[in-house]
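Subject: Structure handover

Hello,

Here is the structure for you to look over. My notes on the helix packing follow below.

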Amino acid sequence: MMTTNGKDACRVKEEAHTAAVNGDGAEASPQSKRPQRFTFSSEPSIEDIRRMQADFTDERDWNQFHQPRNLLLAMVGEVGEVAELFQWKGEVAEGLPDWTETEREQLAHELSDVLIYLVELAEKCRVDLPQAVLRKMALNRLKYPASKVQGSAKKYTEYKD
Ligand SMILES: [Mg+2]
């Protein structure tokens, strides 16, 4: 279900340092070195987004235009709009500390456009995206075992047993 009161808006959640919480003096894990982790709202789900976009498209009789190839090209166009926002900024720090609220909102709009087209493309290709993500993450974990690739940006083909 969608919430409309904004109570479940995105928020930044403080993550306590494991060692500090445990008070055991254990060395901090890599995750606990990050003092803050941004989290998403739990709604809308990917299925909610699929349904909202399907309703939007149906109401406008736009399914005739929203075929897989068209949706792919539309999504790539929106990725270009995201890239445009970063184009002349040089390196950008996590959290975008130097961006204005207007720039952040533009980015939110363009990222949303990308996601909406991605979800509709998956629907029109009959890919159950949430389940596909689970399968792909499992494959990624096999391809990049944490014990083997810790702190390295090498491609999986460069690793030796
Ligand atoms: Mg756009």
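Two residues are in contact if their C-beta atoms, placed from the backbone, lie within 7 Å. Helices (H or I, at least four residues) and strands (E, at least two) are DSSP runs, numbered from the N terminus. Residue numbers start from 1 along each chain as its sequence is written. The model is predicted: local features need pLDDT of at least 70, side-chain atom pairs count only at pLDDT 80 or more, and totals for chains, interfaces and linings use all residues.

Overall picture

The chain has six helices and two strands. Along the sequence they run β-α-β-α-α-α-α-α. Of the 161 residues, 5% are buried (20 or more other C-beta atoms within 10 Å of a residue's own C-beta). Take the contacts between residues at least 6 apart in sequence: 66% of them join residues at least 24 apart.

Helix 4

Arg126 follows helix 4 and has a positive phi, near 60°.

Helix 2 with helix 4

The axes (lines fitted to C-alpha atoms over the stretch in contact, with angles from 0 to 180 degrees between N-to-C directions) come within 9 Å and cross at roughly 85°. That makes helix 2 roughly perpendicular to helix 4 (65 to 115 degrees). On the helix 2 side, Ile46, Ile49, Arg50 and Gln53 make the contact. They meet Leu115, Ile116, Val119, Glu120 and Glu123 of helix 4. These contact residues divide into five nonpolar (Ala, Val, Leu, Ile, Met, Phe, Trp, Tyr, Cys and Pro), three charged (Asp, Glu, Lys and Arg) and one polar (the others, Gly among them).

Helix 3 with helix 4

The axes of helix 3 (residues 68-86) and helix 4 (residues 101-124) come within 9 Å and cross at roughly 160°. Helix 3 and helix 4 are therefore roughly antiparallel (over 145 degrees). The residues of this contact include Leu71, Met75 and Val82 of helix 3 and Leu107, Val114 and Leu121 of helix 4. The contact residues of helix 3 with helix 4 divide into 14 nonpolar, one polar and seven charged.

Helix 5

How many of the 15 residues of helix 5 are buried? The count is zero, and helix 5 is hardly covered.

Best regards

Terms used. Angles under 35 degrees count as roughly parallel, over 145 as roughly antiparallel, 65 to 115 as roughly perpendicular and the rest as oblique. A residue is buried if 20 or more other C-beta atoms lie within 10 Å of its own, exposed if 12 or fewer, and partly exposed in between; C-beta atoms are placed from the backbone.
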